[in-house]
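Here is a walk through a predicted model. Have the sequence and the coordinates open as you read.

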Amino acid sequence: MSGEKVVVKGGLVLKPAGLFALDIAIEGEVITEVSPAIDAFGSRVIDATGCVVSTSFYDTHTHSRYPGDSEAETIDTLSEQGLLGGYQYLLAMANTEPTIDSVSIWKAVREELRKAPIEVDQAASITLGRKGERLVDFVSLVQAGASFFTDDGTGVGSTKIMYEALKMSELLGVTVAQHAQDPYLFEGASMNLGATSVRLGLIGEPEASESSMVARDIELLKATGGRLHVLHVSARESINLIRMARNEGLRISAEVTPHHLLLDDSLLCNFDTSFKVNPPLRSKSTQMAIVASAIRGDFDAIATDHAPHPYHSKQRPFSQASFGMIGLQSAFSASWTAFSEPPASPTETAIATDHWSHRVADRIGLEPYELQRLHRLLEMMGPGAARVVGRRIGIEPDMQASIVICDPTAQSVGKIEDIASNSTNFPYEGRTLRGKVVAGFVRGKEILKEGKLWF
Amino acid sequence: MTGFFSNPVSGRRSLTQISDLSDSEVVDLLGRAEIYRKQELGTRRFSDELKDFVVATLFFEGSTRTRLSFTLAAERLGARVIDLAVSASSVSKGESLKDTCDTVSALGADAVVVRHPNEGAPLQIASWTSLAVVNAGDGCHEHPTQALGDLFSLSSAFGGVGNLATKKIAIVGDILHSRVARSLSALLGRFGVKVVLVGPPDMMVDRPSALGAEFSYDLDEVIGEVDVLYLLRIQRERIQGGYHSSIDSYTRRFQLDQKRYLKMAPKSIVMHPGPVNRGVELAVKLPEERSLISEQVRNGVLMRMAVFSKILATASDDGRSQRGITGD
Ligand SMILES: [Zn+2]
C-alpha cells in the first residue's frame, strides 16, 4: 500500500508537554506531519474524535515463557495480546527454562523472537542460572547485543554480586534491573504481610523486604556508577528512596505494574490464586500511595510483569500456587481505571483551571485534571518506558508511525474469553475497567481496528 | 453474599470460615445443637434426618479425634459416611486437589469434610466443585466447627450467649500457627466477648488487632482478670524446629500450674481443644466445675450435627430447589 496517505483526525495527541488537538499524517512507515488541521484531501481518514492518540506502548517487563513453557504462552499468543493491548515492543525477562545466561542461548532465543509480529527484545540474566552466585559473561553478551540484565523472578541477594553487576553496567553502558526482594524476609511468604495475611494464617512478606534491597542497591550504585532499573515497585518506602536517588543525579529508573496500581491484598480474602503475584499486592493504603505517586510522576514506566501460568499451577492450595498474573492486553485499561479513582488533589485542580484546558478536556469528556493524569499515564506506557530501554519515541515528523488510539471513557468488563492468552490467571475477571485500546498502527501499518487485529 | 458460603452453581452451602456465617445463623446452630443435646439426654441418640445423604471425610492430615467427631455426628443423623484415605504424601506428590475432589463428587458424596495442611484448601474446593464443604481445619487458617462447639460450651456454661457480652477470654499458646485462635477470635468477638491473645512474642501474630483481639506476652498479667482461660495445644515439634522459645521457657511462663491456677478468678473456667499435652500447657488437676474440656468434646459432636443438618437438610428444602438458579 505504498503511496497511500493516512490522516488521523480529531484526536488529542500525546506530546511531551501535554495532550493537544492535532492531526497526524502518515506516509509509508513514517509520520510526515503533525499539526492542528491537516488537509486530508485524497487521503484515508481515521477518525479519532473522542480519543487520545499515543505512541505505541513499550513493555519493559514481559514473561514470554519462551523457551520452556508453551503450555502457558506461545510467541503467537503473546504477540496477539501485546498488539491488542497497544504495544509495539516487549522486553522478555530471562527466567525461562533454560535461563538466558549465555551468548548461545541469548542469540538462539532472540532469533526465534524476531519472527514474532511484535518486536520482542530479550534480557539476559545477571547470574548463571539466576542462582545469584556467579555473574554471566557480561562482556560477550554485550558484544552479541544484549543491553538489559536481570535475574527477575528473584532478587540478587548477594551484595557482592550486585556490586559487581553494577560495575559491569558502568563499564559496558548497560542496564541492570533488580527484582528487589530480600530472600530472607520473603522466605515462605505467599502474600503481603498485613491484616489479611494475619487473618488467613498465611506467611506474609513485609514491604521492607523490597525497600531494604532498594536502599542497598542505591548505595551500591553510588559506589559503582552504572544504571539501575527497579522492577515492579510495590513498597511505599522504595518510592521515597528512588526519588531521593534520582534527585542526587544517580542513573536510576523505576517501573510500576497495573496490578499494583489497581488491586490490594484484601482481594485475597477468599484464597483466590489469580491474585497471587510477586511482589505481592499490598495494603489498600500502600496501593493508594502508589497511585498517588504515579500520578505525581515518580515512575518512569508502567510495566506489565505479564506472567502467564497454565491453569493447573494456579489450581493448587494458595501457598503452593504459582506467583503471577497475565496483564499485557489489559494494561492500559487497568492502569487508567486506577488513575481514575483518586479524587483531584488541590495541586491538580490548581494547575488546570484555565479556560483552554477545560475546552480540550471537554472534547473527550474528561475533567482537566484527568487529562493531566492521562498524559502522565501515556508518557509512562510509551516514551518513558522506551527511555528505560534506551529508545526515543514520539509523535513527530520523520519518526516511525507507530501509534495507538485509545478511548478513555469507554468501559468494559474484564472477561478471560476476550484475552488471547493460553493461560487464565487473569485478575480482572468481572471487574469494570475504564478505557479501551481501539486502533493502532505499527510502522505505518494499520494492525488494530475497532479493537481487533488485522494482519 | 451473606450467610454460608454458597456455591452459585450448585446452590450447596459450605462452612469454610467463620465469616461464612451471619450472626443469626450462629444462633440458629446453637439452637439446633441444643435440640440434639436434649434428644441425647432422652432416648433418641440416632435419627434419620439425613438418611439419604452421603458424607465423605477427606483428611489430608491425620487427626483421629476430629474425624471421629465428624463421623459420629453424621452417623447420628443417619447419613452414610465414607472415609477417603488420603495421605499427606499425595499432597506433597502434587496430586491435584481438584482431581481428588472430583473423585469425591463422582462417588456421589453430598458433603465433604476436609482437613488440609494448607490454608484455604476447603474454601478452594467449595468454589471449584459443587460439593458442600465443611472445614475441619486448614493449616493456620481456621477450624470453624471447633470454635462453634466451644461457643456452644461457653453459652451453656454461662447461661446463654446473651451473657457472654461481659466476659473476657485469654487464648494462650502458639497464636501464630493456631487455626483455633483465629476462628475463636472471629466468632467470640461477635458476641461481645473480649479476647486476649497470650503467648511469647515469636508465637504472636504480627497484628493481633486484625483478629479483633488484644494481646499480651505475659500470662501472669492477665490470668487474674479473665473468665475463661483457653489453652492451646503446644506442638513440641514446632518448638524444637527452631522456635526461639524452648519447651522449658514456655512452660515456665505459660503453663497452667498450681500456682497460676490459684491466681485465677474464683468462678473462671479452663478450656482446651484437645488432646492435652499434660506437663506442657497444663500441669494441674482441675476440679470438674472449673473445666469444660470433656464438655467441649461432647458439644463438638452436637455442633457438628447442627452444621450438617443446616447445610444438608435445609439445602434439600430451599437449597436444592434453588439449584439451577444463577446469581445470588
Ligand atoms: Zn519480578
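Start with one ion pair. A:R434 forms a salt bridge with A:E370, and their closest N and O atoms are 2.9 Å apart. That falls inside the cut-off, because a salt bridge needs a side-chain nitrogen of Lys or Arg within 4 Å of a carboxyl oxygen of Asp or Glu. A:R434 sits in strand β19 of chain A, residues 432-442, and A:E370 sits in helix α15 of chain A, residues 368-381, so the pair ties together parts that are 64 residues apart in sequence. Over all chains, the count comes to 36 salt bridges.

How many salt bridges are there between chain B and chain A? The count is 0. The two chains do touch: 19 residues of chain B are in contact with 18 residues of chain A. About 1500 Å² is buried between them, and carbon and sulfur atoms give 57% of that area. On the chain B side, look at B:E119, B:Q124 and B:A210. These supply 29% of the area that chain B buries against chain A, more than any other three residues.

Now turn to helix packing within chain A. Helix α7(A) spans residues 208-224, and helix α4(A) spans residues 159-172. The two pack at an angle of about 45 degrees, with their axes 9 Å apart. Is that roughly parallel or oblique? Angles under 35 degrees count as roughly parallel and 65 to 115 as roughly perpendicular. α4(A) and α7(A) are therefore oblique to each other. Their crossing is right-handed. From α4(A), the contact uses A:T159, A:M162, A:Y163, A:L166, A:K167 and A:E170. From α7(A) come A:R216, A:D217, A:L220, A:L221, A:A223 and A:T224. By type, the residues of this contact are 6 nonpolar, 2 polar and 4 charged.

α7(A) has another partner, helix α8(A), residues 236-247. Here the packing angle is about 15 degrees, and the axes are 8 Å apart. That makes α7(A) roughly parallel to α8(A). The crossing of α7(A) with α8(A) is left-handed. α7(A) contributes A:E210, A:S211, A:V214, A:A215 and A:I218 to the contact. α8(A) answers with A:E237, A:S238, A:L241, A:I242 and A:A245. The residues of this contact divide into 6 nonpolar, 2 polar and 2 charged.

α7(A) meets α4(A) in a right-handed crossing, whereas α7(A) passes α8(A) in a left-handed one.

Methods: Residues are numbered from 1 along each chain as its sequence is written. Chains are lettered from A and ligands numbered from 1 in the order in which they are written. This is a predicted model: local features need pLDDT of at least 70, side-chain atom pairs count only at pLDDT 80 or more; totals for chains, interfaces and linings use all residues. Side-chain values use heavy atoms; hydrogens and water are left out. Axes are lines fitted to C-alpha atoms, for helices over the stretch in contact, and angles run from 0 to 180 degrees between N-to-C directions. Helices (H or I, at least four residues) and strands (E, at least two) are DSSP runs, numbered from the N terminus. Angles under 35 degrees count as roughly parallel, over 145 as roughly antiparallel, 65 to 115 as roughly perpendicular and the rest as oblique. A crossing is left-handed if the near helix is turned anticlockwise from the far one by less than a right angle, and right-handed if clockwise. Contact means heavy atoms within 4.5 Å. Ala, Val, Leu, Ile, Met, Phe, Trp, Tyr, Cys and Pro count as nonpolar, Asp, Glu, Lys and Arg as charged, and the others, Gly among them, as polar. Buried area is the accessible area (1.4 Å probe) that two parts lose on being put together, summed over both.
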